[in-house]
Amino acid sequence: MKKYFGGIEAGGTKFVCNVASSPDDVLADKRFPTTDPVETIAKAIAFFQPYIEKKQVEAIGIAAFGPVDLDARSKTFGYITTTPKPGWAQVDLLGTIQRALRVPCAFDTDVNGAAQGEYYWNLENRELDPLLYITVGTGIGVGGIVNGKTLHGLIHPEAGHMFIPHNRETDPFPGACPYHEDCLEGLASGPSMAKRWGQPAETLPDDHPGWNLEAMYIGYLISNLVLTLSPKRIILGGGVPQHPGLVEKVRSDVKEQLNGYIQSQKIMATIDEFIVPPSLGSQAGVMGAIAMAKQLVER
Ligand code: ADP
Ligand code: ZN
């Protein structure tokens, strides 16, 4: 019998569950809004149950919003920890799923999952390690692969909250991060754009000054990542970069901000191949979770 794997992209807005052997062979998929943890996790468990009973699925990968605990020796391994999302702080996401379904489960952050998806399923990206994945959506997150493994650490990178120059004369908006006010996420997430301009980001016209500001802020994030981690490719995903023309503006701002200091042709000449949209589109996260499950079985 053909081997399938389970993948969960556990997002703060929605859960995406898939049974697949690869991005081209999806046996089943389901998405539902992230409501309270008991109801949401129960829906995910119910989705996989029949495939596990039939022994079609041997392992599940979970890529979750966080912060999460990734330390396998910790008592709260697999928990969502300090999220401001109501009801979800200190929720044992991994344990609840593992106890109900009784199959091995892999666990990582949503953005590490998406990085894994782009790395594992796109052979071109395997040559581009370190590979970083940025999402700019409801929040801003950065995940990545270094030496073939996702980036973990003291907790895990939270580069979406990095501090960047904020000129209060040209941008008087105080920022919307509940922890830091004008960190990058506070200035440039979808909801902070909506708060600054009084309308959802996707309704701002193409010539609105908000897009130049947004490109500059995302540019600072990428410039700082280039300077710190020296990635060979940066994948820019999430809802906000879907705005037509934004990615092009970001590329040109990164070149301007780095100002010739990083002497790489990838930045000076072929930045279109250096900062790219996800090749798996909105499936990067869930396909990363499938890759995590597959690697758990094949290890
Ligand atoms: P999530 O982060 O919840 O997984 P998304 O990545 O889709 O989901 O991000 C949602 C955010 O992206 C919202 O704040 C929304 O306003 C913004 N957004 C979605 N589509 C677009 C678009 N085409 N242009 C600009 N902003 C968008
Ligand atoms: Zn912050």
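Author: First, a term. Strands here are DSSP runs of at least two residues, labelled E and numbered from the N terminus; helices are runs of at least four, labelled H or I. The model is a predicted one.

Start with Gln90. This residue sits in the loop between E5 and strand E6 (91–92). Its phi is positive, about 60°, although Gln90 is not a glycine. Most residues other than glycine have a negative phi, and most peptide bonds are trans.

Two peptide bonds also call for a look. The bond from Gly66 to Pro67 is cis, with omega near 10°. Pro67 belongs to the loop between strand E4 (57–64) and strand E5 (79–80). Asp129 and Pro130 are joined by a cis bond too, with omega about 5°. Pro130 is found in the loop between helix H4 (123–126) and strand E8 (131–136).

Next, a pair of helices. Helix H1 spans residues 37–53 and helix H2 spans residues 93–101. They pack at an angle of about 35°, and their axes are 10 Å apart. Their crossing is right-handed. H1 brings Ile41, Ile45, Phe48, Gln49 and Ile52 to the contact. H2 answers with Leu93, Thr96, Ile97, Ala100 and Leu101. By class, eight of the contact residues are nonpolar and two are polar, with no charged residue.

Now step back to the whole chain. It divides into domain 1 (4–113 + 282–298) and domain 2 (126–278). The centres of the two domains, taken over C-alpha atoms, are 26 Å apart. Contact between them involves 11 residues of domain 1 and 15 residues of domain 2.

That brings us to the pocket. Rolling a probe the size of a water molecule over the atoms shows where empty space is left. The second largest pocket holds about 520 Å³ of space. Both domains take part: domain 1 and domain 2 each give at least three residues to its lining.

What makes up that lining? Nine of them are nonpolar, five are polar and three are charged. Three elements supply at least two lining residues each: strand E7 (105–109), strand E10 (149–150) and helix H11 (284–298). E7 gives the most, with four residues.

Definitions and conventions: Residues numbered from 1 in each chain as written. Chains lettered and ligands numbered in written order. Predicted model: local features only at pLDDT ≥ 70, side-chain atom pairs only at ≥ 80, totals over all residues. Heavy atoms only, no water. 1 Å grid on protein atoms, 1.4 Å probe; cavity = no way out; pocket = protein on both sides within 12 Å on 5 of 7 lines; lining within 4 Å. Points joined across faces, edges and corners; volume = space filled by probe spheres on them. Nonpolar A, V, L, I, M, F, W, Y, C, P; charged D, E, K, R; others polar. Domains from an automatic or database assignment. Axes fitted to C-alpha atoms, helices over the stretch in contact; angles between N-to-C directions. Left-handed = near helix turned anticlockwise from the far one by under 90°. Contact = heavy atoms within 4.5 Å.
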